[in-house]
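These are my notebook entries on one chain, written down in the order in which I looked things up.

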Amino acid sequence: MALTQAVETPALEKEVNEKVDEKFDEKANSGHVDTQEIEADLDLYVPLQMEGSIVDERGPLTIRSVLIGIVLGSLVNASNLYLGLKTGFTFAASMFGAIFGYGIIKTFSKSNLPIIGGSFGPQENSIIQAAATGAGGIAGIFVAGIPAMYQLGAQKGNPRDDFGAIITITLVCSFFGLFFVTPLRKFFIIQVGRELKLLFPTATAVALTIKSMHAGAAGAREALSKLKALSLAFIVALVQRVASYYAIGILYDWHFFTWIHIWSGYTSWAMNIESWGWWFEWTPAFIGSGILIGMNSALSMFGGAVIAWAIIGPALVHYGECIGKHQIDDDPRWADWYSFASLSNLGHETPSPRYWLLWPGVMIMVCTSMAELAVQYKVIGYAGKVIWQRTCANINGLLVKYGKHSNYFSSHAAMEVKASENIIEDPAPAEEQVSLWMWATGLIVTIAAAMVIFALQWGMNPGLTVLACVLGFLFSFLAIQIGAVTDQTPLTAASKASQLIFGAATQGKGFSIKDAQRVNLVAGGLASGGADVAMSLTSDFRTGFLLGTPPIKQWYAQGLGTIISVFLAPGMFVLFTTAYPCILDASAEHCPFAVPSVAAWAAVAQAVTDPNVKIPLTSGIFSIVMGVFCVAQVVFRHFYLVGSREKYREYLPNWGAIALSFVLPNPVFTTAAMFGAIVAWGWRKWNIKSFDLYGYAVAAGFIAGEGLGGVVGAVLQIAGVSGDVLGTSVGCPAGYC
C-alpha cells in the first residue's frame with residue numbers, strides 16, 4: 001500500500017482556471033502561482049516560457065546538483081522507511097529536493113568556490129530534484145512485501161543476515177523501473193499527453209515552483225521565504241518527534257478516553273471507544289499530509305474511518321462476525337481494552353474487524369482504478385493507435401534504409417503523420433535524448449539478472465519472473481495514466497492485483513504454502529516496485545520537459561540517485577528491524593510500528609495460497625456491492641457530471657480515500673489528516689496569499705522532519721537510550737502508546 005502517491009500528494013480541491021484540472025490548480029497554488037501566471041502558461045503541454053533574465057544553461061548536470069539531490073533524496077528515503085512502516089504511506093522527494101536544493105546552491109552560487117560556485121538556473125534545479133527522486137525511491141518494497149515474508153515465516157533468518165539478497169532484489173526493482181520507463185517519457189509526455197490530459201499535477205507544480213524561484217529578484221525573495229518556512233517546519237517536526245519518544249503520552253499521543261477511564265477510577269466505559277483507535281496523534285507528517293490533500297479527500301478519509309471503525313466494526317463484533325483480543329489479560333483495570341486490528345492466526349480463529357474490512361477496501365481501490373481507466377477508452381484507443389503507427393513508421397524507416405518496401409507499413413507510416421497533428425514536437429534534439437541502445441541494453445540485462453537472482457535467492461522460476469516483469473510494465477501504464485490525471489497512484493490496486501494473479505499462477509505447481517507465499521510477495525514486490533519507480537521517474541521527466549532540461553541529463557541524475565537508493569533503503573530497513581524486532585513479528589501486540597501495508601500484503605498472500613484462510617462470506621458480498629457502486633459513481637461522474645453539471649463533481653466522495661480508511665488498522669492517521677485539512681482551510685480563509693507562499697513548504701517540512709526524527713529514534717533505540725528506557729509513558733493506556 002505504500003501510498004506515495006495516494007494521499008501523499010493529491011492536489012487540493014480548488015479550481016483556479018476552467019482549462020486546468022482542479023487538482024493541478026491547488027498544487028499550482030501551493031507553488032505560489034497566481035491566476036495571471038497560469039494564464040500566461042496555460043498550455044501546459046509545451047515547455048514553459050522562461051523569464052528573459054534566466055541564465056543560459058549549457059551544462060545543468062553538475063557535481064553539486066547531483067550530490068545535493070542525492071543527499072536530500074536520501075533524507076526522504078530514510079524518512080519514508082519510518083513513515084511507511086508506521087503508517088503505510090510514503091512521500092515524494094521532488095518538491096522537498098527542489099526547494100531545499102535551491103536554497104543550498106543559491107547560497108553558494110555567487111561565490112568563486114570550486115564545484116559549488118557559479119551561476120544557477122532552473123534546469124540545474126530540476127537535476128537536483130531528479131537525483132533526489134532517484135535517491136528517495138524504492139522504499140515502498142521495504143514497508144510491504146519484504147517484511148511480510150519474514151512475518152509469515154516464508155523467509156527464514158533476519159534482514160541483517162539476508163542483506164545481500166535484499167540488495168539484489170532492490171537492484172532489480174529499481175533499475176527495471178528506470179530502464180523501461182525511459183521510452184515511456186516520449187509516449188506519455190509528448191505523444192499522448194494532451195489527448196489523455198496527463199498534467200502530472202505534482203510534477204507540474206514542481207516545475208512552476210522552480211520557474212517562480214528563478215524569476216528575478218521577486219522570485220528569489222519568494223524562494224527564500226519558502227526555504228525558511230520549510231526549514232523551520234522541518235526542524236520543529238524533527239525536534240518534536242525525537243522529544244516525544246521520552247514523553248509519548250504527552251507530546252505525541254493524546255488518549256482522551258484513557259484519561260477519562262483513569263480519572264473515573266477505572267470504572268468508565270471509555271475504553272470501549274479507545275479500543276477502536278479513537279485518540280489523537282500529533283504527527284507532523286499526517287498533519288502536513290492533510291494540508292496537501294484538501295477538504296474533500298480529508299473528509300472522505302475521515303468519513304471512511306467513521307464508517308469502518310465506528311459503525312461497521314462494532315456491528316461485526318456485536319453480531320459475532322468478528323472478534324477482538326484483550327490487550328492486557330491480567331489486570332482488571334484494563335479489562336475493556338481490546339485490539340480489533342489483529343491479522344495473526346488467520347484461518348484458525350474468528351477474524352478481526354480489520355481482516356473483514358481489508359477486502360472491501362481493496363475491492364474499492366481496484367474497481368475505482370480500473371473504472372477510471374475504462375472510462376478513458378477513447379483516448380486509450382487513440383494511444384494504442386499511436387503506438388502502432390509509430391511502430392509501423394519505425395519499421396518502414398528500416399525497410400527503406402535497406403532498399404525494401406512494404407505497402408502495409410508505408411501506408412500506416414503515412415497515416416502516422418495525420419494522427420499526430422495535435423502532438424507537439426519533442427523539444428529535445430536527438431543528441432539530448434536517451435539512446436535506444438542505452439535503455440534497451442539495460443532493460444535486457446536487468447531482466448536476465450532478475451531471472452537468475454530470483455531463481456537462486458528466492459526460489460522463483462524464470463517464467464514467473466518474466467510474468468512479474470510483464471505485470472510491472474502493464475501496471476506502470478495503469479499507474480502513470482491514472483496518477484498523471486488524479487495525482488493518486490493506484491499502487492495498492494496494482495500490488496493486490498499482482499498478488500491475486502500470482503496466487504493463481506502458483507496453485508497446483510508443487511509449491512509448499514510458505515514457498516508460494518514467498519513467490520507471491522517477491523513477484524508482487526517486483527511488479528508494484530517497478531510501477532512505483534516508473535511513475536516517479538516519468539513525473540520527473542515531466543518536470544524536466546516543462547523546464548527544457550535535456551532528458552539524457554535527467555536520466556543520468558536519476559540513475560546516480562537510484563544507485564544510492566539500492567544500498568540506502570536496505571540499510572535503513574536493517575536499522576529499523578534491528579531497533580524494533582517487532583516489525584517482523586506478526587503476533588506482536590504492542591509495537592511502535594503498526595506496519596499496515598505489511599499486514600495487508602501478508603493477509604492477501606495467505607488468502608491466495610493457504611486453503612485454511614478464507615475471505616468471510618459477508619465481507620465478500622459487501623466488497624462486491626461496494627465495487628459495483630464505486631464503478632457506477634465513476635461512470636456517473638465521467639458521463640453525466642459534465643458541462644454545466646461538472647461543478648458538482650467536487651461534492652462526490654473520494655472512494656479511494658474512503659478505502660484507505662478501511663485498510664488502515666485504526667482511524668488515528670485519518671484524524672490527524674483531517675486536522676491538517678481544517679488548518680489549511682482556515683489558513684486559506686484567513687490569508688490565501690500567505691497559504692500560497694508557505695503552505696506546501698510547511699507541509700513538506702513537517703513530513704520530512706518527522707521521518708528523519710523516526711530515523712534518529714531508531715538509532716537511540718539501538719543505543720539503549722530511547723524513550724522506553726529513559727522516558728515516561730504517562731497518559732498511555734496501561735503504559736503502552
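## Cysteines

I started with cysteine 582, whose relative accessibility of 18% makes it buried, because the cut-off for that class is under 20%. I was working on a predicted model, and every value I noted here is computed from it.

I then asked which partner cysteine 582 has, and found that it forms a disulfide with cysteine 591, the two sulfur atoms being 2.0 Å apart.

I looked up the accessibility of both ends: cysteine 732 is buried at a relative accessible area of 5%, whereas cysteine 737, at 34%, counts as partly exposed. Counting bonded cysteines along the chain, I wrote the disulfide pattern as 1-2, 3-4.

I also checked cysteine 469, which is in no disulfide, the nearest cysteine sulfur being that of cysteine 173 at 9.0 Å. Cysteine 469 has a relative accessibility of 6% and so counts as buried.

## Helix α21

I next compared the length of helix α21, residues 551–579, with what its residue count predicts. Its 29 residues, at 1.5 Å a residue, should span 42 Å, and I found the end C-alpha atoms 41 Å apart, so the span agrees with the expectation. I noted, too, that α21 bends by about 30° at serine 565.

## The chain as a whole

For the secondary structure I recorded 27 helices and four strands. How does the radius of gyration of the chain compare with that of a compact globule? For 737 residues the globule value would be near 27 Å, and the chain has 25 Å, which agrees. Taken along the principal axes, the C-alpha atoms fill a box of roughly 85 × 60 × 55 Å.

Of the 737 residues, I noted that 61% count as buried. The accessible surface comes to about 28,000 Å², and 65% of this area belongs to carbon and sulfur atoms. I then turned to the contacts between residues at least 6 apart in sequence, and found that 82% of them join residues at least 24 apart.

## Lysine 106 and aspartate 610

My last entry concerns lysine 106, which lies in helix α4, residues 94–109. At 31% relative accessibility, lysine 106 counts as partly exposed, because its value falls between the limits of 20% and 50%. How far apart in space are lysine 106 and aspartate 610? I have them down as 57 Å apart, C-alpha to C-alpha, with a separation of 504 residues in sequence.

Key. Residues numbered from 1 in each chain as written. Predicted model: local features only at pLDDT ≥ 70, side-chain atom pairs only at ≥ 80, totals over all residues. Heavy atoms only, no water. Helix = DSSP H or I, 4+ residues; strand = E, 2+ residues; numbered from the N terminus. Expected span 1.5 Å × (residues − 1). Bend = angle between axes of the 7 residues up to and from the residue. Disulfide = S-S within 2.5 Å. Buried < 20%, exposed > 50% of the residue type's maximum accessible area, 1.4 Å probe, protein only. Rg over C-alpha atoms; globule rule 2.2 N^0.38 Å. Contact = heavy atoms within 4.5 Å. Areas by Shrake-Rupley, 256 points an atom, 1.4 Å probe, with all protein chains shown as cover.
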